[in-house]
Amino acid sequence: MKIPLILTLLLFSIEYSYADAYCSLRDPVAQIQQLYPQKTNQLSIVKTVDSSTRNLVKLALPSNDLHFSELGRHTLYVAMKNTEALGYVHVRSEQSKWGLVEIIWALDKDLKIQDFTFQRCRSPKKKILDNKDFKNVFIGKSYEELKTLLNSDGITANNILLDKARGAPELASVVLRCALKTLLITDILWGEELKKFNP
Amino acid sequence: MDKYRGFAKAIVRLCATIIILISAPSYGDFSDNLRVSLDGSARLNNNSAANNTSRIYALGIDTHKVFSSTNGDIGYMVGQLYLTKLSNQTPYSFLFNSPDDKQFVVREAHLNYTAGPKWFPNIRVGHFTLPFGLEASIDTNGRLLDYYHGKNLGTKLDWGLGFNKVLSHVEYEFSYTMGGKNEPKTIDSSYVFSGRIGSLNHYDFIIGVSFLDAKIDNIQRKRFAIDWQYYWQTWGFLGEIAIGKDDKFQKKWLEEKYSLLELNKTSISEHLKFYGQYIFTDREGEGTNQQVINIGVSYQIDAELELSLSSRKQLNTPGTGKKQDLTRFQLRYRY
């Protein structure tokens, strides 16, 4: 009798997730350590990416959509040094011709790109990240600044970025779209809550 | 040995209590950082060899909860509880009492404490998948895709205690579980020691080695395995090779060899996935080896609905009985 009762209580008291793809870091403890070596712990904040978030992304970035695995409950990690927030870590995936590319983004407290790395990328061009010139185009930039790198088709990156991409234009565009969606969704869903870490 | 097992059981209970007490500050708002899915599936099985058609229905909740304090995360909990109904299912799992039985089934149900110092392993307590082979890094719960832990090791999940950690280049998990399978207790001195060390599971090439020393259902098993996953663009090539021995009657060890090879292909959008498996099993004392192929496809229509189909056929003729010939279809809805 206990189990059906617990089930019923849970069913009526919970906020449902939309999918089982709990898109997040495979191991937050180790992977955040690489981006923030001085961190002592991380704090997870889970929010729901739903159809209204999807519509806001479509509105802000025409010609773009969210992959079905991007809907549901998603985690943003606050890298902590004791009680001080060092920055935020957010993983998003973007569809490509090599399957989903998963990128770990490190954001500063003003929601500008601090660093990024691939969690999963099966493109033969993935060594693009070893190119510091390519990475430096993103680092320190906000959503609005990065949006200027997008062509009018809303899908491809312009020559400012492609000049640094050295033969990997498709992957460069994938990284750019992923960065824009990450910054946008972080602001839409987590922006208000993150203000307490950046008074 | 019994004394040692008693000590291990006490450790399991102590760790569970500590984790629950440490997690207490975040109980105030349990819905924070909580993910819950309602998960329902209907499976149709056509076993041509046994001339039998059966159905399995499952409805349950799948939860994932991160416990945090103001200084950061303490750990997380996974809980999967399903009401499962059989219809004309033969043979049926040890969890059921008849071909048409229904039971509440606990799948994964564990806490993983992650807030220790950098050098300290995470501590897992509860009902979890044994850290061994491919199954350790690929979730097959509720899917037609399978890597046959239950058949090879005696159980896929067990209650107990584990230590795990992801380091810069390798990850590991070692566990002691009680061998009661679905029940959190030892049965006839049952126990399972298992462990796996491997390269990081988000790489394109993953390789791991595993061991198992267990007594489950009065069968003693020892195993050593190597597993790998190689992904190239949308293709995957996976394998597991295990050698070991079984002692079923406390009299004589019989050697066993097992290998599984899988080739899979995922569509660019990841809606469609195809896989083919070849499985070879050779047990000492059995006249012939067993060679089986599995072919499967799954179609994720949207974030909630998934259709899957698989077919299992035996290539060689067994010493006794008919060749395996099983076709399965599953409709699964998660919300």
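Which residue in E2(A) is the bridge partner of A:Thr48? The bridge partner there is A:Arg73, in a predicted model. Local features need pLDDT of at least 70, side-chain atom pairs count only at pLDDT 80 or more, and totals for chains, interfaces and linings use all residues. Residues are numbered from 1 along each chain as its sequence is written, while chains are lettered from A and ligands numbered from 1 in the order in which they are written.

**The sheet**

- Five strands of chain A form an open sheet in the order E1-E2-E3-E4-E5, with antiparallel pairing; strands (E, at least two residues) and helices (H or I, at least four) are DSSP runs, numbered from the N terminus, and two strands pair if DSSP finds at least two bridges between them.
- Strand E1 (41-49) and strand E5 (113-120) of chain A are the edge strands, each pairing on one side only.
- From one strand to the next, the twist averages 25°; axes are lines fitted to C-alpha atoms, for helices over the stretch in contact, with angles from 0 to 180 degrees between N-to-C directions.
- Nine bridges join E1(A) to strand E2 (residues 72-81) of chain A in the antiparallel sense.

**The helices**

- The axes of helix H3 (residues 51-60) of chain A and H7(A) come within 11 Å and cross at roughly 130°.
- H3(A) and H7(A) are therefore oblique to each other, as angles under 35 degrees count as roughly parallel, over 145 as roughly antiparallel, 65 to 115 as roughly perpendicular and the rest as oblique.
- On the H3(A) side, the contact (C-beta atoms, placed from the backbone, within 7 Å) includes A:Leu56 and A:Val57, and on the H7(A) side A:Ile185 and A:Ile188 are among the residues.

Terms used: Two residues are in contact if their C-beta atoms, placed from the backbone, lie within 7 Å.
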